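Subject: Structure handed over, with notes

Dear colleague,

Below is the structure that I would like to pass on to you, followed by my notes on what turned up in it. Please read the two side by side.

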Amino acid sequence: MSGHAEVGNYLTHPKGLRSWLTTVDHKRIGLMYMATSMTFFFVGGIFALLIRLELMTPGLTLMSADTYNKFFTYHGAIMIFMFIIPIIPAALGNFFLPIMIGAKDVAFPRLNLASYYIFIAGAALSVWALMAHGADTGWTFYTPYSIRSNTSVVLITLGVFVMGFSSILTGLNFIVTVHKLRCPGMTFHRMPLFVWAIYATAIIQVLATPVIGITTLLLIMERLLKIGIFDPALGGDAVLFQHFFWFYSHPAVYIMILPGMGIISEVIPVFARKHIFGYKAIAYSSLAIAGISFLVWGHHMFVSGQSDLANMLFSVLTMFVAIPTAIKVFNWTATLYKGSISLKTPMLYALSFLFMFTIGGLTGLFLAALSVDVHLHDTYFVVAHFHYVMMGGTVMGLLAGLHYWWPKMFGKMVHEWSAKISWGLIFIGFNMTFFTQFFLGYLGMPRRYYDYPPEYAGLNMISTIGSWFLLAGFALMAFYFIRSLFLPGKAPANPWGGKTLEWQIASPPTEHNFPEIPTVTGKPYDYGVVKL
Amino acid sequence: MLSLLLFQWRLEQASNFAPVVDRLFDFILWFSIISFLIIVFGMVLFTFKYWRKKIPENRTAYITGHTKLELGVAFFLLVVVMVIFYWGWVDYKAMKNPPHDAFEVNVIGRQWLWQFQYADGKMLTNELIVPKDKAVSLIMTSEDVLHSLYIPDFRIKQDVLPKSYTNLWFVANRAGEFPIFCAEYCGTAHSAMLGKVKVLEQDDFERWQMTGKLPVGKRTMDHGQGTMDQQPDVTVGEKISLADKGRGLFASKGCTACHSVTGAAGVGPAVNKIFGKEVELTDGKKTKVDENYIRQSVNEPQARIVKGYQPIMPTFKGQISEEEMNALIAYIKSLK
């Protein structure tokens with residue numbers, strides 16, 4: 001790299017739309033992923049609000065049952081496949097993983113851009129499906145309903161199939177990057193924990209995603225060619241689909257949560273000015289979770305008719321997930337001990353993660369216990385548990401990361417008090433919306449219900465009102481994030497006092513990140529006085 | 001305060017399984033509440049105690065971890081989750097093994113209603129009438145897509161699959177009416193695929209079986225649906241029992257040509273005294289003769305052939321309705 005190339009930062013150098021669309025810079029690709037996925041988050045969020053509006057009162061509130069069934073399918077499919085799977089690894093991971101290990105880019109920059117366009121192609125197919133005849137199968141596409149539904153199931157699953165390749169290629173790129181491009185001195189045990197988390201995620205992406213690819217292809221073949229694979233009427237096995245589907249989709253849940261955990265492991269030490277408690281335990285527990293994630297898919301199927309022996313094994317294996325997860329929660333909390341704690345917005349989100357993810361994790365115990373799951377399965381208890389993990393966990397992690405790295409990505413600080421008010425609205429709104437759903441579930445309200453008996457009306461009303469707080473919080477957030485870009489003033493290179501490599505370079509970074517490849521001599525969270 | 005809240009939110013315990021499931025539920029709940037409070041207490045305490053305004057940022061402790069403490073937490077948790085697993089498994093086993101003398105009802109789910117077919121030939125729609133304090137076993141199948149029969153007050157649920165049978169059993173220990181939901185998404189009217197269980201005192205139940213009449217004017221547990229003095233949707237005139245209907249079908253479909261019902265040798269195996277027994281197949285494997293095996297032998301006769309017989313039976317796929325299949329199975333079960 002010549003000195004001349006270092007004049008502008010990556011945002012302005014080179015200039016022009018064409019330079020963005022053909023860029024091989026991991027930072028720009030990360031931002032393009034971020035813009036795309038956040039757009040889908042917005043769309044998926046609109047559907048969520050519409051679902052809650054319909055459920056505000058029993059009976060018809062706003063839309064017909066068929067429309068409702070389509071809307072919850074859109075909400076789930078968009079949020080899962082187009083938002084929560086790509087958002088942290090492909091957006092923030094793409095941006096920060098190379099910088100955090102002292103690399104100029106990922107190992108295969110062109111492949112990285114290809115992944116993005118494959119993602120766009122898959123997302124376009126899915127969006128086309130939604131605009132054609134929609135889909136009313138739920139994001140799980142359970143057979144034989146999905147074989148018989150007269151909606152655009154083929155198109156939407158084809159979209160999922162294509163997006164899968166994007167996920168696989170991104171994962172592959174990251175694995176190679178971590179193995180081959182670490183700067184001098186960056187041993188595995190000096191890598192920031194976010195890198196460990198993205199690395200564990202990448203392994204799952206590469207190993208599990210092909211299975212959903214095969215599954216959606218089989219589903220498409222069955223619908224188009226009437227080959228009996230999953231539909232018993234054609235001689236297939238309906239439960240086989242569930243095995244295939246969850247063999248991917250359970251590990252996929254860890255594709256979603258591990259990167260969020262990685263962000264929390266970055267934010268807490270910085271804002272507590274403490275060395276992370278139990279670095280190795282957190283790093284290896286990510287790998288342990290990735291490993292166990294492949295062996296627990298059957299816990300989605302305790303009442304599906306699979307054998308009792310399978311149920312027993314899946315129940316006991318699922319229990320093991322609790323251990324690495326709890327170690328992480330324990331270690332994050334212990335990191336606060338004897339620190340110097342600042343409650344800036346990233347830290348507020350990190351502590352909210354601890355609060356809500358703990359609820360999400362503990363309610364998983366209810367669902368892993370066989371006899372209790374028989375009652376709770378397919379009720380709102382599962383919906384609440386899932387949202388506490390995914391939104392209370394991953395989305396809180398994402399928001400912690402967005403606020404934490406925003407100054408680095410754009411060179412601008414956001415307005416701290418706007419951010420705190422927005423956080424308050426989201427925290428209240430989230431718990432109002434979803435905590436009520438634990439009660440609804442225990443009281444027996446099944447999920448995917450357009451209408452419900454009157455005894456569930458009160459809790460549903462509270463849940464819907466909570467969703468409006470969420471709307472207000474996210475609207476304010478969109479406003480202050482966008483506004484910050486137009487504010488005068490420039491963020492310092494290291495506004496939070498971070499010790500990892502991304503804070504040692506300019507905000508925003510230059511095109512090739514580092515003027516020269518750095519040499520690392522210490523650990524990433526080296527805070528604290530040895531003899532106090 | 002918290003237990004008051006729990007009491008407030010306690011769902012009715014109307015079956016033998018309800019208190020069993022709730023006991024483990026409560027155990028996990030209390031363990032969760034305590035663990036959650038420890039984490040939140042630690043978080044809040046540390047945040048206030050080590051506030052940036054009190055502790056300068058260059059005066060924090062250098063602590064990198066505590067392996068023994070971490071292992072201790074892991075080990076303690078391992079013990080707790082293994083207790084939860086084992087407890088759940090033991091209770092679940094009981095839910096999966098109906099007693100042999102259970103009162104059997106066939107269930108057919110279809111978009112979007114439930115049909116309950118009784119051994120004496122009665123057929124009810126969206127209404128399951130059962131005796132109190134007696135084991136009831138449901139043998140369930142679907143005519144179209146997946147469904148799931150869920151009775152929250154009984155704490156039981158089981159998916160209902162097309163072309164095969166799944167089971168559910170319970171002892172209802174409270175008279176009254178309890179809602180039945182479909183818990184597996186099945187299309188447009190999924191949330192309207194509702195039914196109810198009517199639990200009758202045993203003498204009322206016997207009277208209903210004999211006369212088709214329900215007790216009149218008796219107050220029952222009210223679940224928003226009023227009292228149960230209206231007549232249920234009984235298929236009137238269906239006097240013939242399920243097994244008798246099956247006997248007729250067994251003859252009219254031509255089964256008798258090859259399958260004896262007395263144990264005499266024939267082209268195919270005799271079908272008396274076989275239900276619930278194990279038979280050896282041509283490939284040396286053993287299989288139990290249950291509802292799923294009989295169903296498969298009718299629809300795909302070549303799939304599992306009993307040792308010593310030829311694979312020559314034609315398929316009856318598409319020629320026998322779900323009701324007829326239930327009748328045939330009931331007949332084979334009745335052959336002693």
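Predicted model: local features only at pLDDT ≥ 70, side-chain atom pairs only at ≥ 80, totals over all residues.

Two residues are taken to be in contact if their C-beta atoms, placed from the backbone, lie within 7 Å. On that basis, residues 24 or more positions apart account for 65% of the contacts in chain B with a separation of 6 or more, while in chain A 84% of the contacts between residues at least 6 apart in sequence join residues at least 24 apart.

Some conventions come before the rest. Residues are numbered from 1 along each chain as its sequence is written, and chains are lettered from A and ligands numbered from 1 in the order in which they are written. Chain A averages a pLDDT of 94, with 98% of its residues scoring at least 70; over residues 1-6 of chain A, however, pLDDT stays under 50, and the model has six contacts beyond four places in sequence for them.

Chain A has 15 helices and zero strands, where helices (H or I, at least four residues) and strands (E, at least two) are DSSP runs numbered from the N terminus.

Chain B, by contrast in make-up, has seven helices and twelve strands. Its radius of gyration is 27 Å, well over the 20 Å that the globule rule gives for 336 residues, so chain B is more spread out than a compact globule. Its C-alpha trace spans about 95 × 60 × 35 Å along the principal axes, and 34% of its residues count as buried.

Leaving aside residues up to four places away in sequence, A:Ala400 touches residues including A:Val267, A:Ala350 and A:Phe353.

The contact between the chains takes 76 residues from chain A and 71 residues from chain B. On the side of chain A, H10(A) gives the largest share, 13 residues. By class, that side has 48 nonpolar, 18 polar and ten charged residues, counting Ala, Val, Leu, Ile, Met, Phe, Trp, Tyr, Cys and Pro as nonpolar, Asp, Glu, Lys and Arg as charged, and the others, Gly among them, as polar.

Helix H3 of chain B (residues 67-96) has end C-alpha atoms 42 Å apart, which agrees with the 44 Å that its 30 residues should span, at 1.5 Å times one less than the number of residues. Its buried residues, among them B:Phe85 and B:Tyr92, pack against H9, H10, H11 and H12 of chain A, together with helix H2 (17-49) and strand E7 (156-160) of chain B.

With best regards

Key:
Rg over C-alpha atoms; globule rule 2.2 N^0.38 Å. Buried ≥ 20, exposed ≤ 12 C-beta atoms within 10 Å, placed from the backbone. pLDDT = per-residue confidence, 0-100.
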